[in-house]
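Let us walk through this structure one region at a time. Keep the sequence and the 3D view side by side as you read.

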Amino acid sequence: MEFKKGFSFATIGLSSFLLLAACGDDNSAQGSAEGGGDGESVSLRLAHNQGEDHPVHTSLVELSELAAENSGDSVEIELFPNGQLGDERGVIELVKSGTLDMAKVSASALESFDSNYAIFSLPYVFQSEEHYFDVMDNSEAVQEIFQNTRDEGFFAAGWYTGGQRSIYTADKEIATPEDLNGMKIRVQESPTSIAMIEAMGGAPTPMSFGEVYTSLQQGVIDGAENNETGLTSNKHGEVAKAYSYTEHQYVPDVLIVSTSMWDGLSEEQQEAISEAAVESSESHKQVWADAIETAITDAEEMGVTFYEIDKQPFIDAASPLHETYQSESEDSKRYFEDFQSYVK
């Protein structure tokens with residue numbers, strides 16, 4: 001299959017998107033949809049691990065409101081933030097099994113379920129925010145990856161930017177890979193992220209996001225890597241005072257849905273939610289930009305110092321991972337080349 005530029009996220013067929021009527025009992029992880037296929041109202045449950053003050057939650061609220069509006073109130077999406085229904089791996093399992101309708105998870109967390117998602121965690125696969133947005137909005141490779149798991153019980157219905165990821169530590173600027181020597185850096189539970197920190201000279205320490213604050217506080221880890229909102233929404237700025245702009249990853253948040261419940265929706269309901277997914281994803285870019293500006297100001301008030309650094313030594317250290325990724329399969333090579341074709 002040959003990839004072409006200009007493939008619009010909004011023009012993917014409605015059948016490649018969303019959502020799924022839930023079935024079964026009323027327990028908290030179970031959907032409660034009734035009808036749907038004949039146009040009756042459905043109630044769907046969406047879980048994520050961020051707080052209600054996080055910009056992603058704000059945009060998921062918009063998704064829910066738009067889905068209701070577009071469907072004439074025949075689609076209700078109920079949000080379960082703060083990891084109420086489990087960590088990211090847990091909610092992916094729930095969606096895959098059809099127990100939960102939807103979840104917002106990091107693309108890195110999906111790597112353990114489908115190795116094709118590794119490309120989103122590949123360091124410096126995106127060379128700028130502009131490149132990142134262009135690929136995510138227009139690349140047919142992205143849509144192929146999103147659809148690859150349909151037969152395994154879930155697929156990706158959309159995405160939300162999570163910004164760039166950089167390294168922050170208790171009090172040490174990370175200006176070169178040598179500065180990471182001997183430092184335990186928390187990473188997401190992603191083989192690619194683990195390999196990245198190893199390549200940069202650090203000691204990767206996978207752990208769930210909820211454990212990071214205490215681990216930084218107690219010295220179990222020396223640092224972590226995330227976007228600026230982690231310093232404020234999750235209070236990491238209380239225990240990590242040095243943020244170095246390595247900008248090694250732009251890992252999207254991905255909206256996944258259960259394949260087994262997709263057919264429970266009417267065509268009109270599918271269209272309503274699909275349109276809501278596209279619209280909320282687009283408006284989220286500005287929501288995110290505003291949140292980052294606020295996060296930086298608030299983090300500086302907490303005593304965090306932000307360091308602009310020369311990224312080239314980190315790019316050079318991580319570059320062998322690009323070769324390794326491309327050698328894994330013909331699909332990997334196609335995906336990588338497609339992503340790079342959007343560099344301007």
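Is His284 buried or exposed? His284 has 0% relative accessibility, so it counts as buried. (Buried means under 20% relative accessible area, exposed over 50%, partly exposed in between, with a 1.4 Å probe and protein chains only.) This is a predicted model: local features need pLDDT of at least 70, side-chain atom pairs count only at pLDDT 80 or more, and totals for chains, interfaces and linings use all residues. Residues are numbered from 1 along each chain as its sequence is written, and side-chain values use heavy atoms, with hydrogens and water left out.

His284 sits in helix H11, residues 267-301. Helices (H or I, at least four residues) and strands (E, at least two) are DSSP runs, numbered from the N terminus. Set aside the neighbours within four places in sequence, and His284 is in contact with Pro55, Val56, Ser59, Tyr160 and Thr161. Contact means heavy atoms within 4.5 Å.

A pocket is an open set of points on a 1 Å grid over the protein atoms alone, where a 1.4 Å probe fits, with protein on both sides within 12 Å along at least five of seven lines; lining residues have an atom within 4 Å of a point. The second largest pocket has a volume of about 150 Å³. Trp288, Ala289 and Ile292 are among its lining residues, as are Glu129 and Tyr245. H11 gives the largest share of this lining, three residues.

Now turn to the largest pocket. Its space is about 650 Å³. Of its 34 lining residues, Asn49, Glu88, Arg186, Gln188 and Phe209 are the closest to its centre. Helix H2 (88-97), strand S3 (102-106), helix H3 (107-110) and helix H9 (229-232) each supply at least two lining residues.

At the N-terminal end, Ser139 caps H6: one of its side-chain oxygens lies 3.0 Å from the backbone nitrogen of Ala141.

Methods:
Grid points are joined across faces, edges and corners, and a volume is the space filled by probe spheres set on the points. A polar contact is a pair of N or O atoms within 3.5 Å; within protein, one must be able to donate a hydrogen and the other to accept it, and residues adjacent in sequence count only if both atoms are side-chain atoms.
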